[in-house]
Amino acid sequence: MSQTVKLTVSAKVVRTKPARKPDFFLGLFTVESWREFKRHGGQVMGFNEKKATTVGRLQPGDRILCYLSKVSAFVGVMEVTGPSYLDRAPIWSDGVFPVRLPVQVVVELPLAGAVPIRTLRGKLSFMPTKG
């Protein structure tokens, strides 16, 4: 004997907002502050209190290009992993930098392999070829 079974399936469509593209920012380091950042675990970037509003705009997923100011070279890329917060625990020898931002290094070059900014002239929108 055969039976016919009627099957009813219902589905709920869930619409999510498309993932936003990350914004990119420049993070300035000296060679020593980069080394201190790495020695401390490479997961917390610090800023002075004047930058609190700007840093507060960074969102998880945003990227920070790590620039060595006295060397004029890029040494890495970080991703923001959470919201900014205040903390006065010492990390850096040249200041407290209490506005903290959790980050994760996603690309890191050895200091000897840092990319000099002059080699990028004409390849970056903010650094056109000299005319």
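**Figure 1. The whole chain in overview.** Accessible areas come from the Shrake-Rupley method with a 1.4 Å probe, and in this predicted model the accessible surface of the protein chain comes to about 9600 Å², of which 56% belongs to carbon and sulfur atoms. The chain has 131 residues, and 28% of them count as buried. Two helices and seven strands are present, and read along the sequence they follow the pattern β-α-β-α-β-β-β-β-β. Among the contacts with a separation of 6 or more, 61% are accounted for by residues 24 or more positions apart.

**Figure 2. The largest nonpolar core.** This core has 21 residues, and those with the most contacts inside it are Phe29, Trp34, Ile64, Met78 and Leu101. The elements that give two or more residues to the core are helix α1 together with the strands β2 (44–47), β3 (63–68), β4 (73–80) and β6 (99–108). The largest share, four residues, comes from β4.

**Figure 3. The surroundings of Leu101.** When the neighbours within four places in sequence are left aside, the residues in contact with Leu101 include Val44, Met45 and Phe47, as well as Val55, Leu58, Ile64 and Val80. Gly82, Pro83, Ser84 and Tyr85 are also in contact with Leu101, and so is Gln43.

**Figure 4. Glu36, a buried charged residue in helix α1.** Glu36 is found in helix α1, which covers residues 31–39, and Glu36 is buried yet has no salt bridge. The nearest side chain of opposite charge, that of Arg39, is 4.3 Å away, and this does not count as a salt bridge because the required atoms must lie within 4 Å. Not counting residues up to four places away in sequence, Glu36 touches Ile91, Trp92, Ser93 and Asp94.

**Figure 5. Two loop residues with positive phi.** Most residues other than glycine have a negative phi. Ser72, which lies in the loop between β3 and β4, has a phi near 60°, a positive value in a residue other than glycine. Phe97, which lies in the loop between β5 (85–86) and β6, also has a positive phi, near 50°. Ser72 counts as partly exposed because its relative accessibility is 31%, and Phe97 counts as partly exposed because its relative accessibility is 26%.

Terms used: Residues are numbered from 1 along each chain as its sequence is written. This is a predicted model: local features need pLDDT of at least 70, side-chain atom pairs count only at pLDDT 80 or more; totals for chains, interfaces and linings use all residues. Side-chain values use heavy atoms; hydrogens and water are left out. Buried means under 20% relative accessible area, exposed over 50%, partly exposed in between (1.4 Å probe, protein chains only). Lys and Arg count as positive and Asp and Glu as negative; His and the chain ends are not counted. Contact means heavy atoms within 4.5 Å. A nonpolar core is a set of buried Ala, Val, Leu, Ile, Met, Phe, Trp, Tyr and Cys residues joined through side-chain atoms within 4.5 Å.
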